[in-house]
Amino acid sequence: MAVALENGRRQFDYWLTVYKRTWKGSLISSFLLPMLYLAAMGIGLGSFVDSNGTGALGGVSYLQFIAPGLLAATALQIAVGESTYPVLSGLKWQKFYHSMIATPLRPADVVYGQLAFIAFRVASTCVVFLAVIAAFGGLRSPLGLLALPVVILVGMAASAPVVAFASTLQNDSGLAMVFRFGVVPAFLFSGAFFPVSQLPNWIEWLAYLSPLWHGVQLSRDLSLGTLHPWLVLLNLAYLLAWFAIGTWLAVRGFTRKLIG
Amino acid sequence: MDEQRESLVHARELRKSYGDFEAVRGIDLDVWRGEAFGFLGPNGAGKSSTMRMIGAVSPTSGGTLRILGLDPAADGPAIRARLGVCPQDDTLDTELSVRENLTIYGRYFGLSRAECKERADELLEFVALTEKAKVKVDELSGGMKRRLTIARSLVSKPDLLLLDEPTTGLDPQARHLLWDKLFRLKQAGVTLIITTHYMDEAEQLCDRLVVMDGGLIAAEGSPAELIRDYSTREVTELRFGPEVMFSDHDALAGKVEDLAQRIEVLPDRILLYTDDGERAVAAVHERGLQPAAVLVRRSTLEDVFLRLTGRTLVD
């Protein structure tokens, strides 16, 4: 543990440099796009939904309904984006992970460093997004601000298994599948835009399997004040399980790839 | 003698397998502090697999391996803290600046930021890249990238420097520049381990080397010893014109084989191994043979390799 922390500290300058060189480029995809969603759906579509009654949403405005969900979905998208091509680059194209393990760093340290960086990327984008949501009146209660740690956890629950998957790939063709069959359906059907109870039964159950649904649910319950203690625990435990198992698999994948 | 020398790498019956494929099939070697030690062999001889095991990033499949007196299976990080590694691929971060590649790498070894900056500036000077310090690695030539990779491997002041094919893919001028840097490191007392499939590189840099082929060590010694033991002083190369096809080489070989201690028949030429090359040339002409070109040269490690394996180094 102490070694992992020390080896994490040793990577700090690297990830800081990476962040400095990439944050501007990532502004549009990670920030502007969710803002557009928020404006178009929350305010545009929202005024239409609200004028027809929001009973199915629990009587809150559509903006307040989707804002926490959109935040969680954004966290997921950023996290997966950072867990795919950059990881394959480190392992296969530029091979900078290989140069890292020629030092006292171990494959596990490299995984932890990469995941910590992704967590930071998610956090730094979501904190701004959350502030904008709050400014637009997208939160019903100040407790909604606690969605920040929740959506960071969503990011990690998605990132760790995707990093593990990326470490098993020979080329980038598998990454498109992550987006097509993972991110896009999760984004649309995890309850960010409408309650999953509106879905056919079997899809509803698929939605419950997605870590994003748990993140959306918890973030929304915090903002709307509809928390159920046992559901909070379930949501958190489910997200943590994805994160923990994903991290374990990622360490295994990196070790196999880097040490052979 | 052996008691006074410090063995930085000690291997006995060392093996490495990938599934059913045995890349290294039981090798013994010692690398002594201060020497430049080489692995010479063609691609696929097991050199890089051996280097990765010595670099403590690849577990052994059998035998004994001690690096800097430590067991790589138990003390990998402690060993790697004292190694400098220049891999076959540059593995530089191409979007960082030249200098950042050095300062960031130093941090992985636990150096302070101040130490990293100081080392980076020294090393950029050493590899003649000071003017490129702020340039992105993307914009460097192949030779500059190699020099930067070597500089990076030195950032932690390693006891042992591993260089895997350091000049492969470089033009002659860049190679000579790099050899000069490596020679200076050697003069400064850094222990070097080099893999190469260039015999001239091995002759230039290595105090002692092993010839590897098919995962085994075929011979060991200094370049001069190997040439003395496995070849003759001189070699006469006979090339025949295009009218003499490969099939005729064997017939021609029969006519000259008694003129040398040993002959080799290659697709494009016949090599006569003899201590007096000029005399062999005269004798060839006396027999009425008309080679299109004749070259008398001294033996090289290439000849040693040919003798040991029946193949040339660079196919």
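Modeller: Two residues count as in contact if their C-beta atoms, placed from the backbone, lie within 7 Å. This is a predicted model, in which local features need pLDDT of at least 70 and side-chain atom pairs count only at pLDDT 80 or more, while totals for chains, interfaces and linings use all residues. Residues are numbered from 1 along each chain as written, with chains lettered from A and ligands numbered from 1 in written order.

Colleague: How many helices and strands has chain B?

Modeller: Chain B has 11 helices and 13 strands, which are DSSP runs (H or I, at least four residues; E, at least two) numbered from the N terminus. Its C-alpha trace spans about 75 × 45 × 40 Å along the principal axes.

Colleague: Which residues of helix 8 in chain B are buried?

Modeller: In helix 8, residues 223-230, the buried ones (20 or more other C-beta atoms within 10 Å of their own; exposed means 12 or fewer) are B:Pro223, B:Leu226, B:Ile227 and B:Tyr230. They sit on the same side of helix 8 because they cover an arc of only 100 degrees around the axis, taken over the directions from that axis to the C-beta atoms. On the other side, B:Ala224 and B:Asp229 are exposed.

Colleague: And what covers the buried residues there?

Modeller: The cover in chain B includes helix 7 (199-205), strand 8 (208-213), strand 9 (216-221) and helix 11 (301-309).

Colleague: Switching topic, how many residues does each chain give to the contact?

Modeller: Chain A gives 19 residues and chain B gives 21. On the chain A side, helix 1 (2-51) and helix 4 (96-100) each supply at least two residues, and helix 1 of chain A has the largest share, with five.
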